[in-house]
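These are my notebook entries on one protein chain. I record what I looked up, entry by entry.

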Amino acid sequence: MDRVRIQLSAYDYRILDKATQSIIKELRRNEGKIAGPIPLPTRISRYTVLRSPFVNKKSREQFEIRIHKRLIDIIDYTSKTVEVLNKLVLPAGVEAKINVMK
């Protein structure tokens with residue numbers, strides 16, 4: 001059974017949720033069976049940086065980057081569904097990976 005898996009990722013979860021809702025709305029309008037959106041674990045990368053390399057050696061700043069991910073599976077799809085996915089416009093900051101699984 002073929003299925004299409006869409007994996008969305010973004011730094012801001014609000015933009016990501018809006019993008020997933022727009023994708024789901026377009027797919028439901030074109031009669032596609034959908035499983036999801038499934039929230040995947042958030043990847044957190046933390047960085048510690050010296051504030052001053054000379055005098056204040058013990059003074060440090062900490063930064064983190066959070067990458068939020070969502071997963072959507074399209075179970076039954078047609079050529080019309082694939083056309084909708086190709087024409088899809090996502091907001092800036094959202095990355096989409098589309099895989100066809102067999």
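Is R5 buried, partly exposed or exposed? I found R5 to be partly exposed, at 26% relative accessibility. In these notes buried means under 20% relative accessible area, exposed means over 50%, and partly exposed lies in between, with a 1.4 Å probe and protein chains only.

Entry 1. Basis of the notes.
I note that this is a predicted model, in which local features need pLDDT of at least 70 and side-chain atom pairs count only at pLDDT 80 or more, while totals for chains, interfaces and linings use all residues. Residues are numbered from 1 along each chain as its sequence is written, and side-chain values use heavy atoms, with hydrogens and water left out.

Entry 2. Salt bridges.
I took a salt bridge to be a side-chain nitrogen of Lys or Arg within 4 Å of a carboxyl oxygen of Asp or Glu. By this rule I recorded five salt bridges. In general, side chains of opposite charge can pair when their charged atoms come close.

I looked up R5 again and found a salt bridge to D73, with 2.8 Å between the closest N and O atoms. R5 belongs to strand β1 (residues 3–10) and D73 to strand β3 (residues 60–74), so the pair ties together parts that are 68 residues apart in sequence. Helices (H or I, at least four residues) and strands (E, at least two) are DSSP runs, numbered from the N terminus. D73 is buried, with a relative accessible area of 5%.

I then turned to R14, which forms a salt bridge with D12; the closest N and O atoms are 3.5 Å apart. D12 is partly exposed, at 25% relative accessibility.

Where does the salt bridge of D17 lead? The side chain of D17 meets that of R70, at 3.2 Å from N to O. This pair links distant parts of the chain, as D17 is in helix α1 (residues 13–29) and R70 is in strand β3, 53 residues apart. D17 is partly exposed at 29% relative accessibility, whereas R70 is buried at 14%. I also noted that salt bridges with shared partners join R46, E64 and R66 into one network.

Entry 3. Strand pairing.
I counted two strands as paired if DSSP finds at least two bridges between them. Strands β1 and β3 run antiparallel and are joined by seven bridges. Within this pairing, L8 has R70 of β3 as its bridge partner. Strands β2 and β3 also pair in the antiparallel sense, over 13 bridges. Here the bridge partner of L40 is K69 in β3.

Entry 4. Two residues of β3.
For contacts I used heavy atoms within 4.5 Å. K69 lies in strand β3 and is buried, with a relative accessible area of 18%. Apart from neighbours within four places in sequence, K69 is in contact with Q7, L8, S9, L16, I38, P39, L40 and R43. The C-alpha atoms of K69 and T42 are 6.6 Å apart, although the two residues are separated by 27 residues along the chain.

I67 is also in strand β3, but is partly exposed, with a relative accessible area of 24%. Its C-alpha atom is 5.2 Å from that of R43, 24 residues away along the chain.

Entry 5. The nonpolar core.
A nonpolar core is a set of buried Ala, Val, Leu, Ile, Met, Phe, Trp, Tyr and Cys residues joined through side-chain atoms within 4.5 Å. The largest such core has 13 residues, and those with the most contacts inside it are I6, L8, I23, I72, I74, L85 and V94. β1, α1 and β3 each supply at least two residues of this core, and α1 gives the most, with five. In general, nonpolar side chains of soluble globular proteins tend to be buried together.

I looked up the surroundings of I6: not counting residues up to four places away in sequence, I6 touches I23, R70, L71, I72, I74, L85, K97 and I98.

Which residues does T20 contact, leaving aside its neighbours within four places in sequence? T20 is in contact with L8, R70 and I72. T20 is part of helix α1 and is buried, at 1% relative accessibility.
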